[in-house]
Amino acid sequence: MTLGKDDIGQHISQQFNQDLENLRSHVLQMGGVVEQQIADAITALEEGDCELALSVVERDPHVNALEVNLDEECSRILARRQPAAGDLRLIFAVIKTVTDLERIGDQAERVARTVLELAKLEPGRSRPPMRPMGELVRRLLNKALDAFARLDVNAALEVEREDLEVDREYEAVMRQLVTYMMEDPRSITWALNLVWAARALERIGDHSKNIAEYLIYLVQGTDVRHVSIEERERQVQAVALGHRHPPAI
């Protein structure tokens, strides 16, 4: 069956209802923490703010702890409630989403560490503007989390499409950095650090897209991984129109 927002937390056991609602709420709380990590890492990179970058690095263990806590919460629900159908899809989607959120946190930390490395190399040197790409991936994560909160498959599909724009921004930044290295070989170490930062931002976009895919699976029981965007949209619309029935789990 296709899952709607009102279908979550509709059980005879009030405690089970509360368990599922708490689970969703805690995922969104973790998402908010990770989103702030991204925002701070981007600001630190753009402004060369080592103090802010260090705070991002120091907060990463908190993100890791949130992942562990949510994994334990899912394990308790599986053991106690033995959920089926849409409830089981929710647990699977949460486990996978939490893993991607933790990895997004790791990528934000990588960007922050780049700031600290650049400060040692050439602290006053201008660098290609990366805030547009950074803001784009932050908005992408925000939209993926919003889709998760509202169980909105159409918003999830928008995340899929907008990730292509992240890829284009990444390619543009890479071209600039390659040009720097070709024109001045002395800048190679400096530029490579920015390459790693750009790659980290691009990966955040990929992880956000993964979260959108899990949401589609949660709502419709449709696995849209490893297919083209056009095929994903076709599958989602087919289920929405009742032309194909999703699996129970």
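This is a predicted model: local features need pLDDT of at least 70, side-chain atom pairs count only at pLDDT 80 or more; totals for chains, interfaces and linings use all residues.
**View 1. Overall fold of the chain, with seven helices and zero strands.** From the N terminus on, the elements run α-α-α-α-α-α-α. Of the 249 residues of the chain, 48% count as buried, and the accessible surface comes to about 11800 Å², of which 51% belongs to carbon and sulfur atoms. Among contacts between residues at least 6 apart in sequence, 80% join residues at least 24 apart.

View 2. When its neighbours within four places in sequence are left aside, Leu-215 is in contact with Ala-147, Phe-148, Leu-151, Asp-152, Val-153 and Ala-156.

**View 3. The salt bridge between Asp-40 and Arg-59.** The side chains of these two residues meet with an N to O distance of 2.6 Å. Because Asp-40 lies in helix α1 and Arg-59 in helix α2, the pair ties together parts that are 19 residues apart in sequence. Asp-40 is buried, with a relative accessible area of 13%, whereas Arg-59 is partly exposed at 30%.

**View 4. The salt bridge between Glu-158 and Lys-143.** Here the side chains meet at 3.1 Å, N to O; Glu-158 belongs to helix α5 and Lys-143 to helix α4, so the pair ties together parts that are 15 residues apart in sequence. Both partners count as partly exposed, Glu-158 with a relative accessible area of 32% and Lys-143 with 24%.

**View 5. The salt bridge between Glu-202 and Arg-199 in helix α6.** The closest N and O atoms of the pair are 2.4 Å apart, and the two residues, three apart in the helix, are separated by about one helical turn. Glu-202 counts as buried at 7% relative accessibility, while Arg-199 counts as partly exposed at 33%. Elsewhere, salt bridges that share partners join Glu-35, Arg-131, Glu-135 and Arg-138 into one network.

**View 6. A nonpolar surface patch made by Ile-188, Leu-192 and Trp-196.** The patch covers about 290 Å². One of its members, Leu-192, has its place in helix α6 (residues 188–220) and is partly exposed, with a relative accessible area of 39%.

Notes:
Residues are numbered from 1 along each chain as its sequence is written. Side-chain values use heavy atoms; hydrogens and water are left out. Helices (H or I, at least four residues) and strands (E, at least two) are DSSP runs, numbered from the N terminus. Buried means under 20% relative accessible area, exposed over 50%, partly exposed in between (1.4 Å probe, protein chains only). Contact means heavy atoms within 4.5 Å. Accessible areas come from the Shrake-Rupley method with a 1.4 Å probe; for residues, only the protein chains shown count as cover. Patches are made of residues with over 30% relative accessible area and no salt bridge: like charges are joined within 9 Å, nonpolar side chains (Val, Leu, Ile, Met, Phe, Trp, Tyr) within 5 Å. A salt bridge is a side-chain nitrogen of Lys or Arg within 4 Å of a carboxyl oxygen of Asp or Glu.
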